Amino acid sequence: MKSALRIFMLALAVVLLPRLAFASDIAEADSAYSKGDYADAVKLYTRIAGTEGVSSQLLYNTGNAYAKGGDYGHALVYYLRALRLDPSNSQAADNVRYIESKVADSNRTELKGKKLSVEPEGQTFFSSVRSFICRDHLSDTWAVWAVVCFLIFVGCLAVYVFTRNVMARKVGFFGGFIFLGLSLVALVFSFMAASYLTEEGVVTGAKVHLRSEASVNSKENAVALTRGTRLWVLDSFPAGSEHPQWYKVRLNSDFVGWIQTSDFEPVGM
C-alpha cells in the first residue's frame, strides 16, 4: 500500500512540477512587466516561449512588453504572430490597429512635402476574400465546419431513406446535397488556410531607407520608413538561404526595395 502511494505521489509530482515552474516563470515575467521593467519582461517571456512553447496569449504579452518599452516594431511582430495562432484575439487585433495608425502618422511626417504615398496598397476583392478564408480563420475552424456539415448531410440522407413522407424526403434529398456541398467547400477552405504562407514582416530599425539592390552601396529611397512599418516580403538574398542578409519588400509602388535583416523581422516564426 505504501509503495503504491509513493508511486502515485511521484507520478503526481512529475505532472505538477513542470506546471508549477511554468506558473512561477509567468508570474515572474508579469511582475517585471507590472514594475515597468519591460526589457526584463521581454527576456522572461521569450525564455518561457523557448522552453514551454508559444501561445497567442504569451505572444500578446511579449508584444505588450515591447510596446510599453517604446519598441513598436517588435511589438507589432508579436501581435501579428499572436493573431496567426488565434485570429480571434481581439486585444492583439486592436493593438495592431493602434500601432499601425501611429506608424502611419510618423511615415507621413517623414515625407516632408514629397509627393509619395506611404499608405499600404488596398486589397482587391479576391485578395480580401482569400484573406478572410486563410488569415481570419484557422484551418481547424474550417475543418470543424466541414465535419458539422457532413453530419447534417448524414442526417438528411437518413431522413430521405427512412421516411415515407414526400415533403420530408424532398427536404432530406435537397438538404443533403446542400450540406454535402458545404462540407466539401469547408474542407477545401481548411486546406487553403493550412497552406497559406504569404510572408510579411515589420521594420524594426528606427528609420530605414529601402535600397535598389541588396547592397549598402546601392541607391536608397528618398524617404525613410519608420519602425513598425508593415511590409510584404517579395524575395530574399542570398536566395533560398535559411539566414538571408537582405529582404526585398514592398509597401506600395513608391516603396519597393531591399532592407537588411538587422532592420527587419519577418512575422513567420
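**Close-up views of a predicted model**

Figure 1. Strand β4 covers residues 230-237 and strand β5 covers residues 246-252; five bridges link them, and the pairing is antiparallel. Strands of a sheet pair through backbone hydrogen bonds, either parallel or antiparallel.

**Figure 2. The open sheet.** In what order do the strands of the open sheet lie? The order is β6-β5-β4-β1-β7, five strands with antiparallel pairing. Strands β6 and β7 (264-266) are the edges, each pairing on one side only. From one strand to the next, the twist averages 40 degrees. Helix α4 (residues 72-85) packs on the sheet and touches β1, β4 and β7. The direction of α4 makes about 160 degrees with that of β1.

**Figure 3. Strand β1 beside strand β4.** Strand β1 (residues 200-203) runs antiparallel to β4 (residues 230-237), and three bridges join them. Within this pairing, Val-202 stands opposite Arg-230 of β4.

Figure 4. The bond joining Phe-237 and Pro-238 is cis, with omega of about -5 degrees. Pro-238 belongs to the loop that lies between β4 and β5. Most residues other than glycine have a negative phi, and most peptide bonds are trans.

**Figure 5. A positive phi at Lys-112.** Lys-112 is not a glycine, yet its phi is positive, about 50 degrees. Where is Lys-112 placed? The residue sits in the loop between α5 (90-111) and α6 (125-134).

**Figure 6. Packing of helices α2 and α3.** Two packed helices are described by the angle between their axes and the distance between the axes. For α2 (residues 38-52) and α3 (residues 56-68), the angle is about 160 degrees and the axes are 8 Å apart. Angles over 145 degrees count as roughly antiparallel, so α2 is roughly antiparallel to α3. The crossing of these two helices is left-handed. On the α2 side, the contact includes Tyr-38, Ala-41, Val-42 and Tyr-45; on the α3 side, residues including Leu-58, Asn-61, Thr-62 and Ala-65 take part. By class, the residues of this contact between α2 and α3 are nine nonpolar, three polar and one charged.

**Figure 7. Packing of helices α4 and α5.** The axes of α4 and α5 come within 9 Å and cross at roughly 150 degrees. This crossing of α4 and α5 is also described as left-handed. Among the contact residues of α4 are Tyr-72, Leu-76, Tyr-79 and Leu-83, and α5 contributes residues including Ala-92, Val-96, Ile-99 and Glu-100. The contact of α4 with α5 has twelve nonpolar, one polar and two charged residues.

**Figure 8. Confidence along the chain.** The chain has a mean pLDDT of 88, and 89% of its residues reach 70 or more. Which element has the lowest mean pLDDT, and which the highest? Helix α1 (residues 2-34) has the lowest, at 64, and strand β6 (residues 255-260) has the highest, at 97. Over residues 12-17, pLDDT stays under 50. For residues 12-17 the model has one contact beyond four places in sequence.

How values were computed
Residues numbered from 1 in each chain as written. Predicted model: local features only at pLDDT ≥ 70, side-chain atom pairs only at ≥ 80, totals over all residues. Heavy atoms only, no water. Axes fitted to C-alpha atoms, helices over the stretch in contact; angles between N-to-C directions. Helix = DSSP H or I, 4+ residues; strand = E, 2+ residues; numbered from the N terminus. Parallel < 35°, antiparallel > 145°, perpendicular 65-115°, else oblique. Left-handed = near helix turned anticlockwise from the far one by under 90°. Contact = heavy atoms within 4.5 Å. Nonpolar A, V, L, I, M, F, W, Y, C, P; charged D, E, K, R; others polar. Pairing = 2+ DSSP bridges. pLDDT = per-residue confidence, 0-100.
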